[in-house]
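Here is a note for a colleague opening this structure for the first time. Please read the points with the model in view.

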Amino acid sequence: MIQLGLSLAVIAAAAAAATLPPQSSPVPASTAPGGNAGAAVNVNSRYIVESAEITPDPRKLSGTLRQRISDLKGTRFDQEAVDAVAGKIRQELRNWNVVVRIARGEQPEQVRVVFEVSRKYDTVDVVIPRLIYHSKQNFSFGGDVTVRPGADFFLSSGILTDNDELAERYSGIRAGLGRENMFGGHLRLGVRVESWRSQWNPSVTNALANDTSPDTPGIYRTRVHLEPTATIAFTRDLMLQLGVSMQRLEMQYPTSRHELSSAAVSTLRFQRRWDALSGFLGKQELEASYALRAAARTLSSDFLYNRHSVQARYAFGKDRETLIASFQAGTIGGTAPLFERFMLGNSRTLRGWNRYDVAPFGGDRMVHGSLEYRHNVFRAIYDTGSVWQRAGDAKVRHSLAVGLRSGSVMSFSFLVAFPLREGRIEPVFITGIDF
Amino acid sequence: MPKRVAAVIFCLLVLALVPVLLADTLSARLRGDQIFFQAPGLNLIREPLLARLKTGGTVAYDFHLALWTGNRDAVRRRAFERFVVSYDLWEEKFAVTGLRQPRISVANLKSNEIGVWCLDRIGLRSPDLKPADPLWLKLEVRAVDPKRDAGLLDDPDGVNLARLVDLFSRPRESGDQRWSFESGRLRASDLRP
């Protein structure tokens, strides 16, 4: 099948006539299979609206508009009326996309109307990816600005200081650019540049000084990172990211020098969400990924290693309750730089533990699981996991955390977390957004 | 490889290609003084349009038919129609409504019946031709949001040519889908009832 626009030659040839008389002659529908469906353009107009809702619920929606949505219930489905309500929602939520979805109702001959809203990122988007205070590890915070000059291009830049994720506190700037939605939305190209200055906790330097393993890497002052990537979306749920990560490290010991860590990176990611349309089962979300980072001499890398990691997260929500189960594991073969090593004991793993007490400079083996229950603003979390060296023994640790959480888009949380161990237990306070 | 095996493989390849080649063909038949196009490969329901329909949305299809004769230097007949398709969530079948007044509708169609039904409702008045006279056919279809260019068919005098040119030559917008079929050179005698 050939897809072409109307050729200019055709248009030019036809331009002799100014206005075309209506030459077509529709045949009465009675001769067609299936009979006449009536004058309504949308065939679902014969069904009754069983329920009408907006999801996720944007808190700033006016009471009047909420009432208009509610008023759709019990009426015969009317495309124009539904479109009018969607238009009103767009007026009130200016930076949001609104999509109307109609689904079968619970009862025969009834339909459900769902207004799905999502934030729009078409101009300038400011995001705070990190804002966390951990009573043992102090603040981590950052901000990114993304500009989308066209429909598919994006430029981003930001600052960050993070003392939560890696063995080091890394602070600096980052920038990126890319193009999305290539080949019908199946390809995205991007490149990321970062420049970080690293600060090391005395716990890390002391532990490294006492470590005699030849595979233990040294600390560095700065990291400059360049990572071009291509993301291939096989389906809406499944995507593969391929790229090269090149990091130039300014090593501190035994003498100041530069080393290059270059790795081929690939991540296979699956993400699927079953929303309220799936009926009584409620909302479900599944995310799973496998990542491989392989550094080799062919990439001029001074570090030679393979890093495998898997992650999975399943969330189930109904009404005001949500249950989230997550799992992650990883292994490193060879000598990887410190930023590649696995850490546990921060705002997302083994909450209640200080990561410098668990493994000061991380480990090359890691397993972690987490179970979280939410009811309204209340959340309770159980974490368990272990991070260890391949030559050492794994020690499994557990922790409990309880706290409060607000909002759904950019949620603010406060947690009090306890390590589950014998002896004196000192709680850890964690507060911030999106953790 | 024995010649016989090679011949069998060649025949199988040819047989496999036949449906592919037929899928892109455009032909026409004569009913009274009207010419109706036939495009067996016209499959109007595909992603992401199917996803839109299955979530209760509607999709408008603009059909543009053109017929040339002689040296193919001027369009002799042309027609434009818009049909709106929706998907019955309970019956799990498609419904189509033609927007030209008086409106015509049909329900309980399968996806492969939609194009046939629409083409059966667009007739071109047959020009006076001798059996040996050459003619060419072209069918273009675009899928758009039903709200786009609303009121297109309200003009009782038909669609203005400039508007038609504008519609089919404008750059594709996100979500647009287009189909195009050409018949190649035919003879008037090829138009069978």
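**Notes on chains A and B**

1. The hairpin in chain B. Start with Gly32(B), which takes a positive phi near 65 degrees in the hairpin of strand 1 and strand 2 of chain B. Two residues lie between these strands. Strand 1 covers residues 27–31 and strand 2 covers residues 34–38. The two strands run antiparallel and are joined by five bridges. Arg31(B) stands opposite Gln34(B) of strand 2. Strands here are DSSP runs of E with at least two residues, helices are DSSP runs of H or I with at least four, and both are numbered from the N terminus. Two strands pair if DSSP finds at least two bridges between them.

2. Basis of the model. This is a predicted model, in which local features need pLDDT of at least 70, side-chain atom pairs count only at pLDDT 80 or more, and totals for chains, interfaces and linings use all residues. Residues are numbered from 1 along each chain as its sequence is written, while chains are lettered from A and ligands numbered from 1 in the order in which they are written.

3. Phe36(B) has Gly123(B) as its bridge partner in strand 7. Gln34(B) is partnered there by Arg125(B).

4. Chain B as a whole. Chain B has four helices and 10 strands. Along the sequence they follow the pattern α-β-β-α-β-β-β-β-α-β-β-α-β-β. Of its 193 residues, 38% count as buried. Buried means 20 or more other C-beta atoms within 10 Å of the residue's own, exposed means 12 or fewer, and partly exposed is in between, with C-beta atoms placed from the backbone. Among contacts in chain B between residues at least 6 apart in sequence, 64% join residues at least 24 apart. A contact needs C-beta atoms, placed from the backbone, within 7 Å.

5. Chain A as a whole. Chain A holds five helices and 19 strands. Of its 435 residues, 26% count as buried. Among its contacts between residues at least 6 apart in sequence, 51% join residues at least 24 apart.

6. A helix pair in chain A. How do helix 2 and helix 3 of chain A cross, left-handed or right-handed? The crossing is left-handed. The axes of helix 2 (residues 63–71) and helix 3 (residues 79–92) come within 10 Å and cross at roughly 160 degrees. That makes the two helices roughly antiparallel, a term for angles over 145 degrees. Leu65(A), Arg68(A) and Ile69(A) of helix 2 meet Val85(A), Lys88(A), Ile89(A) and Glu92(A) of helix 3. These residues divide into four nonpolar, no polar and three charged.

7. A buried arginine. Arg351(A) sits in the loop between strand 14 (321–334) and helix 5 (355–358) of chain A. Why does Arg351(A) count as buried? Because Arg351(A) has 26 C-beta neighbours inside 10 Å. Not counting residues up to four places away in sequence, Arg351(A) touches several residues, including Ile381(A), Asp383(A), Ser399(A) and Leu415(A). Arg351(A) and Phe418(A) are 67 residues apart in sequence, yet 7.2 Å apart in space, C-alpha to C-alpha.

Key. Two residues are in contact if their C-beta atoms, placed from the backbone, lie within 7 Å. Axes are lines fitted to C-alpha atoms, for helices over the stretch in contact, and angles run from 0 to 180 degrees between N-to-C directions. Angles under 35 degrees count as roughly parallel, over 145 as roughly antiparallel, 65 to 115 as roughly perpendicular and the rest as oblique. A crossing is left-handed if the near helix is turned anticlockwise from the far one by less than a right angle, and right-handed if clockwise. Ala, Val, Leu, Ile, Met, Phe, Trp, Tyr, Cys and Pro count as nonpolar, Asp, Glu, Lys and Arg as charged, and the others, Gly among them, as polar.
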